[in-house]
Amino acid sequence: MTDPIIETHDLTRVFDGVRALDRVSLSVPRGTVLGLLGHNGAGKTTLVNILATLLPPTSGTARVAGLDVVARSRDVRARIGLTGQFAAVEEQLSGMDNLVLVAKLLGARSAQARRRADELLERFELTSAAHRRVRTYSGGMRRRLDLAVSLVGRPDVIFLDEPSTGLDPASRIELWRIVAELVTEGATVLLTTQYLEEADRLADTITVLAGGSVVATGTSAELKSVVGKRSVHLTLTTAADVDAAAAGLRGLGMQVHTDAARATVSTPVDAASDLAVVMRFLDEARIEFKELDLTEPTLDDVYLSLTADRAKAEVRG
Amino acid sequence: MNAETWRGCGAPRQIAVLTVWCLRTLVSDRRVVVFSVLQPLIMLVLFTQVFGAVANPANFPPGVSYVDYLLPAVLVTTGIGPAVAAGASLVREMDRGALTRFRAMPLGLHWVLLARSLSDMSRVGVQSVVLLASGALLFGFTAHGGVLGSVAALLVALLVIWTLMWIFIAFAAWLRSPEIMQSIGFVLVFPLMFASSAFVPVANLPGWLQVVATVNPMTYAVNAARHLSMGEPVGTSVLLAITTSVGLLAVAGFLAARGFRRPLTR
């Protein structure tokens, strides 16, 4: 057992009376990837901002690389790399200039800085654009440069806040490859995402946040087994029926996930009897479907079920 | 994690690298460079022609022309624009780009502000030199106080502008709203510039405006620059300009650093 490289205890942040983060305790072992999964407003960015020393917690403690993020903020900053939701690079300068200047700010000599910049440009496939102004870069190139700049000082811990938001599928897969590589080199990665597939692909451990609290933590397999349900996915013949189907199934006490654009309705089912309930309902309501799939639980279902439980608990008070 | 792991550097190096960073960003836009050089020329043309047409030669000692009287003042007033702009650009850039990255790096955030102000001041310095040179070559400006007097006037002007710049940086760091910064700019710029001794001797202003001009720090700056440039006895004007400037600079610098360090919420 190695010491955890990120550790928080009852971390809480209140904004104008709203608990953006509510007694979050977590622990991340060195060299692993923690995926923070949650909706917008679940507290993911607030947590990252506290760990990256950008925001002080209202109460609770957080340590990164064994250092308290409030008392030793400067030392923490020397050991982390942060890639936020918006590219933190200088648009007026070239990719090369951005990398070299950051390396120098971290204490590299000119020759070292240039060597490190070349190395990162090559690795992120930006060599041909090295001397172009960042202003002229595409979204994907900008994101890659932003990540490259975060890695200049070879940080022990890398925070990626929704790294693939706004990326096209090819860039996203490329990003996943890079993250996997960083971990094999010994870095610890904490990434936030709304994409369950991303957490499933990259994270060793997934922590699900909802309303500022941790609602579940585990490997993706563990989370799925907690829910332990299979799901029915229906593709309806007419998209207009989606709302009626969802309302009807909810009325039967089921959790329902819909996608109106694709005319799909999904619901977790416990046993074969549940499936029969769904079929009977559709028949009685005269809702026709084109396809029916019964699938093993995905993280979507896990997430849906966990956050729905929480919503119910909140209603009960 | 072998050989090259960098954990940060000392303040002098941070300031040097950050200043180079800001300067490169500044000159990367050639339009900014061109307009920076044009601006003082335009001001000088306008002021000498417009006010020169009504300026009463009886107000000036023999051998002193209006441009001799005006140029040291323009040396001070050209800096008001860049000072306001420094605050406006800080607000605009605070929550994006490189300024957000610096917050998560092992840096003194106050050095980031210092570097920005130094790079903006180098632009003001270039403008001032353009102003002095073109004044002498094209507008018949005579430095009665000699080169030394002009250099001294330039230095006082730069100090005062730097102070004003930090006041706007402090406003920006605390208020963080482009709209409010713009309003402050509008409200302050014209009184600072015109309700002063810059264009007309204070004694010739209406009574109430004389009061305003007397409390306007720009008046002290302009008087000091003017006395030095025209080779007149400086009296207490230089001392007054420097001490008020340094005092305000210390307060504004402290407040700016404090304000800027506050987190970008969310």
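Which residue of chain A forms a salt bridge with B:Arg7? It's A:Asp156, and the closest N and O atoms of the pair are 3.8 Å apart. A salt bridge here is a side-chain nitrogen of Lys or Arg within 4 Å of a carboxyl oxygen of Asp or Glu.

## About the model

This is a predicted model, where local features need pLDDT of at least 70 and side-chain atom pairs count only at pLDDT 80 or more, while totals for chains, interfaces and linings use all residues. Residues are numbered from 1 along each chain as its sequence is written, chains are lettered from A in the order in which they are written, and side-chain values use heavy atoms, leaving out hydrogens and water.

## Where the chains meet

Chain B brings 29 residues to the contact (heavy atoms within 4.5 Å), and chain A brings 46. The rule finds 3 salt bridges across this interface. On chain B's side, α1 (11-28) and α5 (97-103) each supply at least two of the touching residues. α1(B) gives the most, with 8 residues. Sorted by type, the chain B side has 13 nonpolar, 9 polar and 7 charged residues.

## A helix in chain A

Now for α6(A), residues 169-184. With 16 residues at 1.5 Å each, this helix should span 22 Å, and its end C-alpha atoms are 23 Å apart, which agrees. (The expected span is 1.5 Å times one less than the number of residues.)

After the helix comes A:Gly186, with a positive phi near 105 degrees.

Note on methods: Helices (H or I, at least four residues) and strands (E, at least two) are DSSP runs, numbered from the N terminus. Ala, Val, Leu, Ile, Met, Phe, Trp, Tyr, Cys and Pro count as nonpolar, Asp, Glu, Lys and Arg as charged, and the others, Gly among them, as polar.
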